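Please open the structure in your viewer and keep the selection panel at hand. The tour below goes from chain to chain and says at each stop what to select.

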Amino acid sequence: MSKKTRLLLAFSPILIFILVLFFLWRGLSINPEILPSALLGKPAPPFQLVDLMSPAYPLTEQNFKGQVTLLHVWASWCYACQMENAMLMEIKKNYPISIYGIVYKDEPQSIQTFLHELGNPYSRLGNDSRGEVAMDFGVYGTPETFVIDKKGTIVYRHVGVINQQVWETELWPVIKQLR
Amino acid sequence: MLKLNKLQTRRLYYLLALMLGLALAAGLILYSLKQNINLFFTPSQALQANLPAGHRFRLGGQVKPGSVIREKNRLQVHFILTDLKRELPVTYSGILPDLFREGNGAIAEGSWGTASQSKKTFIATEILAKHDENYMPRAMYEELRKK
Amino acid sequence: MLFSLYYFGTALIYGALGCAFLQCLLPFYGYFSKNKYCLALARPCALLQSLLIANAFLLLIIAFISNDFSIAYVAKNSHPSLPFFYRLTAVWGAHEGSFLLWIFLLNLWTTALCFCSKDWDQDLRALSLALLGLISFCFLLFLSQTSDPFAPIANAIPQDLNPLLQDPGFFVHPPMLYAGYVGFSVVFAITLAYLVKGAASSHWAHIVRPWVLAAWSFLTVGITLGSWWAYHVLGWGGFWFWDPVENASLLPWLAGAALLHLVCVVEKQGRFLGWALILAILTFSLSILGTFLVRSGVLISVHSFANDPSRGAFLLLLLAFITGSALALYIFRSLKTRAAPSLFSWTSREALLLMQSILLFTAMATVLLGTLYPLIMEATGLGTLSVGPPYFNQVLFPLLLLTLLFMGWAPFSQWGLSGWTQASGRSAGRQLLLSLVLAVALTLFFTQQWNSTVILKLSLILWVLLSVKTAFLKQTTMALAHIGFAVVILGIVLSSAFSKEREVRLQPGETVALGPYVFQFNDVQGEEGPNYRGVRGSFTVLRHHKKITTLTPEKRIYSVRSMVMTKVDIYPGVFHDLYVALGEPLSDNAWSVRLYYKPFIRWVWLGGLGIALSGFLALLRFARRQT
């Protein structure tokens, strides 16, 4: 064997290893939890929904102004939403933030039962029975959560369940900064 | 000198045999990979991709609430998978996994049915649901993320 | 709370971190500055670290037993209603705890090394311990920074252990599997110590062989138990799914097997040293890779564990650091030394062992490729896809045939140039022919069908089993391991070729036939468990109108996580299993029911345990030779 092939042979394990590392690293950076939203940094899209808490006053994007809001998109048929409701109750009890909800493609009846059984963390609750508003927000599925600042701009988006860790490491730091 | 040359030619043969074996193995591996890859689509993508009937792929989405219908006297199940943009009817014959639930994510493996062109149905031979309370299959996240 | 376990646990972990740091630093300093005292300090540091970690582990167990829900990890994986036994398994039921287990086992191995290396060269011993200290330091850093098992939580709601893990099999499977994974760290450390010293030789093989054997045997037990667990918990009647998590455990097993074969040659003749060194490095790297794949969630798997990209990044960094530096060191050493060419016969035992290790390595590479292929395609933007089990079956099939062929040949081979005599060739030929005839006869007799792939596989298995008897007295453990492997393959071949399954809709009182067996669905009754409620079906199994057994599969709902679980019921047997799983309730009291007839399925696990047993027997012999 010539010197060149010997060298190549000697270095081949590390070359292959680096290649594998590269793909693993790329795999890591494809992180499903961070879905970049086209809406980040933009004002919330205009909408108007019947508020199930107070049917006389519709919920619109104007209601976000003046305070920091946690906007939670969910549905009573969504298993994960049932799981995380307790966490939202916890947040409502212990943190100074108003939680607004948008119910995605759901029946008022089952929403009422859900909230009656598991507790109601929402101060306002829009009923998006046809799923159009969720579509405007670019929601992929339930549950999904947005942080909206005092000016009504979407600042942060979380896809999936909110648990203690997500709340403490992602959402609450963002909200704390805005306040 | 002659002896060394003999050794060298022998080595050459071994090397050639080894390379032939490697090439054969690589060919076999690539062939099998090509045969056994299942593409993953969301309902919108699947409708766009327009694959022929019988071509196997995986369809991932959320099981539309209220869409699961069981046939009487048979193990046939019909439901709708949705990515919240398009919806696709799926037919499956068999027992659904424990974590298959309305509103949950599921992946169906199978192909287009041949029945009619106007209303496409996905015939699933296998339903996968993760052993996790995640609300959506991960592959779907990724597909959706790209848009 | 002032006396929270959190403070104790954290103190223990940071104490161990300090010990690991010293265990790594002092011997290296001692080696390069020729300071004997620093070298000698490696052992006390290692032992102290082990003591601290053992206590931390014990503390976590106590936290689970005493239901201390002020600790986040306990709250997430336990519940007051969780039975005592499963509270113990919950210790390693999720990420943080299983990492503590990982480190605990690493320390057990380190302790073992401390006690088994009395007559080693002092440099070698201290450097090995230092490298183990380095590994331990990295992982302790990882544990304390990203996944502290003792992290406190206020007012947590206990969430119960994942019902899938509430199974007796889970009590032994992870410790065994991890013992295997982690055991290769000792092999790795010794190898690297030799490379640092720049004196790798056949002596390396002599020292490292029992450790390879021990780690590999534990890994074998772990994989076997994992497969058994999947069979009776997942409810699909399968024992191997080619799932990324399963592949992650198979990769180091294959690499370890390749190393095991090669190390014999290196020990005996000093040949193929470079290749063996690479395999030694690779095996442990694959263990870390496996941990990375399982813990980071880069691959889609049915066994999904908590996915956390930051953890993944740390593990990847660790993999890059550990493997990268080891490979660099190897290259640095290998460029300097050049092996003297020596005569080599391609029919000798060493050639056979080399071939076997190449085959095992190739198998590992194909499994690795299949596992990482979705990732590669995604990273290069070529689409999201998955690689199906047929890929693995197709690619591994020819490799398996070759492996079996060589395995059967092994007992006829001799070391050195006189490897192949005409007499042994003739007797080997006779055996091969005999096994072929036997395979044809058996297949035709039992199935009345000509199934050429089954006949081909069966004849090669019989060839291994028949030929090994000549070597039984001289190389008992090798023979046992090969028999075990042949039995595993026999189980796989027969169970996949002759399994029967049916999915049916059954109403109480109805019957269904599966082969010669008739299953009668009696009724469904409610039941109440400690942390679940559910229904239990009752099936009477008849054969030729004679009752064999009653099977009672269950469907459970675990109340805390509101997770549905299928609990199958199995009638086990040496030659076949009968397996019933309840599907879902349909209209009119009917249920969908899944029934399986699985011939020879137990042989897969029996064979696996046989392989492991032969490894432990060989270890015993090593130990006796030492004293």
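What follows is a walk through a predicted model, taken one selection at a time.

**Third stop: inside chain C.** Select residues 95-116 of chain C, which form helix α6, a run of 22 residues that spans 31 Å from its first C-alpha to its last, close to the 32 Å expected at 1.5 Å a residue. Is α6(C) mostly covered or mostly uncovered? Helix α6(C) is mostly covered, since 16 of its 22 residues are buried.

Now widen the selection to the domains of chain C, which are assigned as domain 1 (1-161), domain 2 (393-498) and domain 3 (500-602). The C-alpha centres of domain 2 and domain 3 of chain C lie 37 Å apart, and the contact between these domains takes five residues from domain 2 of chain C and four from domain 3 of chain C. On the side of domain 2 of chain C that touches domain 3, three residues are nonpolar and two are polar, with no charged residue.

**Last stop: chain B.** Select chain B and follow its three helices and seven strands, which run from the N terminus in the order α-β-α-β-β-β-β-β-β-α. Of the 147 residues of chain B, 42% count as buried, and among its contacts between residues at least 6 apart in sequence, 54% join residues at least 24 apart.

Finally, colour chain B by pLDDT, for which the chain average is 74, with 78% of the residues scoring at least 70. Strand β5 of chain B (residues 87-93) has the highest confidence, at a mean of 89, whereas helix α3 of chain B (residues 138-145) has the lowest, at 43. Read residues 131-147 of chain B with care, as the pLDDT there is below 50, although this stretch has 52 contacts in the model beyond near neighbours in sequence.

How values were computed:
Residues numbered from 1 in each chain as written. Chains lettered and ligands numbered in written order. Predicted model: local features only at pLDDT ≥ 70, side-chain atom pairs only at ≥ 80, totals over all residues. Helix = DSSP H or I, 4+ residues; strand = E, 2+ residues; numbered from the N terminus. Buried ≥ 20, exposed ≤ 12 C-beta atoms within 10 Å, placed from the backbone. Contact = placed C-beta atoms within 7 Å. Expected span 1.5 Å × (residues − 1). Domains from an automatic or database assignment. Nonpolar A, V, L, I, M, F, W, Y, C, P; charged D, E, K, R; others polar. pLDDT = per-residue confidence, 0-100.
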